[in-house]
Amino acid sequence: MHSAPTSRSGGGIVSVLAVAGIVGSLMQTLVVPLIGELPRLLDADAADTSWVITVTLLVGAVATPVVGKLGDLYGKRRMMLACAVPLIAGSVVCALAGSLIPMIAGRGLQGLGVGMIPLGVSALRDLLPPQRVGPAIALMSSSMGIGGALGLPISAAVAEYADWRMLFWGSAALSVLVAVLIWLLVPATPAHGRGRLDAAGAVGLGIALVCLLLGVSKGADWGWGSGTTLGLLGAAVVVLLLWGLWELRVRDPLVDLRTTARPQVLLTNVASVLVGFAMYAQSLVVMQILQLPEATGYGLGQSMLAAGLWLAPSGLMMMAVSSLGARLSAARGPRTSLFVGALIIALGYGAAFGLMGWSWGLMVASSVGNIGVGLAYGAMPALIMSAVPQSETASANSFNTLMRSIGTSVSAAVVGVILSQMTVTMGGHALPSESGFRTALLVGCGVALVAALVTLALPKPRHATAPAPPPAPAPASPAEPPATRVWPPAPVRIGHEELGPWRDAFRPPAPAWNGRAEDEPAHPASPRSEVAELRAENNTLREENAELRTANDELRAESDELRKELDVLMQGLSAWVQNLAGRTG
């Protein structure tokens, strides 16, 4: 059952969790503008300083499913506050670092805080009424893209015009702000999980993920045919198989593979890998084309700051379409939103293929692609949470987030291989060729289309129907009382968990009818007690109806405000694009 908090605003809860998502995703792009300067700043080799980015990916991937399981066991708000601690500590350590080792340690601590994002998405199911869960999920999912898109130009501006340590002092201040807002405005969430943390499963999954992601992210540097790369990838396969066997046998698994194997959950995770691949591949290609020198004939000669500013509107488009995605999911189901989103991502690749000769064209193509990403990312948590028990929402969402991370890691490796194999020599340096960029765009477009096909295989949503009338009872002896039909039916036991009567996140459940169970002993009740029960139930229904009307009025008011803000945003964006196009012309 959903119980919205009475003392805190639902809008305030969503806003706080959206800010947490922005800050969490901001950590991943924080040091991108410093990549070229890190060897000088930290007095280390370029190959070693690349660990400043890799370690955050590895630690975040390992910590996300563990933090999700702990959120189910001990409460999501408590674990979000726990994730804020390493975010703050890691930012301070990086700000004070003068050498490579402290910087890597601080970035690893920041990776521990990435688990805050799926925890916030799962907490929405516990803190909001059903009719508000869908729009809130879409908004928070879009906030993750906004953090990644806006983080790049902000970081580039700070790194270019101020001391680089200000990046980490700023991230520490933002992390403190998020922790305080969660403490003050987000109510405590119930712990729905049972059992204890599967420590052996957490260690096994961590080893497998480190081997897999390390082999994928470092394969280009070490050589894809080297013994180190092949050994890591082979070890990942072996450890994953052993981990799967363990998870199927342990009483309290870290990830319930039986639940994960359900068609809706499995196919959504597969689509998440593909969408993560398609999203990251486009950003890699577009960013490089913008920054390559104009002398190549296809590069646009933009600085890091200018390139980040050209791509900033694409992040804003994700938030602009969040309400549209929620309405589409409410009307047609999140399956349709995911399908449409994948097609729009493919359309964005097509636009980039034809407009890669202009900065404004790449901005438009990235914006189109991110509209699709916003629709897809908003639909994935809804599909996951509608197919798993409430006791597993945090761990299931964390596993889905992990699938997206695997998709982005594989995307970086594949795009890197394509661009390293298709090069041109200019000024004694090997640069990616135009045909290499076009090949990478075609690969990303194909992956997005495959994601759309996978979405079509998802089970169609079941529409609620009225219960069928009971069959005519057979003649019974006077000693046997007539059986009473129970609605809703008893929970279905799946493995060691029970799937409760939680329906679709976008449709409020029908009120339960308090009938007497068939195995309940029959005790004749007096007419007065029956009338009193009916009156009490009628009063409860009236109160619920009044609450729903109030919530509906609030949603209408928020929708009107969002329309006005979106109109202002689009007018400003249109004027900006026209101004830039006029300057370019």
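A crossing of two helices is called left-handed if the near helix is turned anticlockwise from the far one by less than a right angle, and right-handed if it is turned clockwise. The model discussed here is predicted.

**Helices α4 and α6**

By this convention, α4 passes α6 in a right-handed crossing. Helix α4 covers residues 51–74 and helix α6 covers residues 100–112; their axes come within 7 Å and cross at roughly 30°. Because angles under 35 degrees count as roughly parallel, α4 is roughly parallel to α6. On the α4 side, the contact is formed by W51, V52, V55, T56, V59, G60 and A63, which meet L100, M103, I104, R107, G108, G111 and L112 of α6. Sorted by class, this contact of α4 with α6 holds 9 nonpolar, 4 polar and 1 charged residues.

**Helices α13 and α17**

The axes of α13 and helix α17 (residues 359–385) come within 10 Å, with a crossing of roughly 160°. The two helices α13 and α17 are therefore roughly antiparallel to each other. Here α13 passes α17 in a left-handed crossing. The contact of α13 with α17 comprises 15 nonpolar and 9 polar residues, and no charged residues.

**Helices α7 and α18**

Helix α7 (residues 116–127) packs against helix α18 (residues 393–421) at an angle of about 140°, and their axes lie 8 Å apart. That angle makes α7 oblique to α18. The crossing in which α7 passes α18 is right-handed. From α7, the residues P118, L119, V121, S122 and R125 meet T393, A394, N397, S398 and T401 in α18. This contact of α7 with α18 divides into 4 nonpolar, 5 polar and 1 charged residues.

| Helix pair | Crossing angle | Axis separation |
|---|---|---|
| α4 and α6 | roughly 30° | within 7 Å |
| α13 and α17 | roughly 160° | within 10 Å |
| α7 and α18 | about 140° | 8 Å apart |

**Cavities**

Rolling a probe the size of a water molecule over the atoms shows where empty space is left. A search of the whole structure finds 5 cavities of 30 Å³ or more. The largest cavity contains about 90 Å³ of space. Which residues line the largest cavity? They are L254, V255, D256, T259, T260, V265, N269, I384, E392, S395, A396 and F399. The elements that give two or more residues to this lining are α12 (257–260), α13 (263–291) and α18. Of the contributors, α18 gives the most to the lining of the largest cavity, with 3 residues. By class, the lining of the largest cavity divides into 6 nonpolar, 4 polar and 2 charged residues.

Definitions and conventions
Residues are numbered from 1 along each chain as its sequence is written. This is a predicted model: local features need pLDDT of at least 70, side-chain atom pairs count only at pLDDT 80 or more; totals for chains, interfaces and linings use all residues. Side-chain values use heavy atoms; hydrogens and water are left out. Axes are lines fitted to C-alpha atoms, for helices over the stretch in contact, and angles run from 0 to 180 degrees between N-to-C directions. Helices (H or I, at least four residues) and strands (E, at least two) are DSSP runs, numbered from the N terminus. Angles under 35 degrees count as roughly parallel, over 145 as roughly antiparallel, 65 to 115 as roughly perpendicular and the rest as oblique. Contact means heavy atoms within 4.5 Å. Ala, Val, Leu, Ile, Met, Phe, Trp, Tyr, Cys and Pro count as nonpolar, Asp, Glu, Lys and Arg as charged, and the others, Gly among them, as polar. On a 1 Å grid over the protein atoms alone, a cavity is a set of points where a 1.4 Å probe fits but cannot get out, and a pocket is an open set with protein on both sides within 12 Å along at least five of seven lines; lining residues have an atom within 4 Å of a point. Grid points are joined across faces, edges and corners, and a volume is the space filled by probe spheres set on the points.
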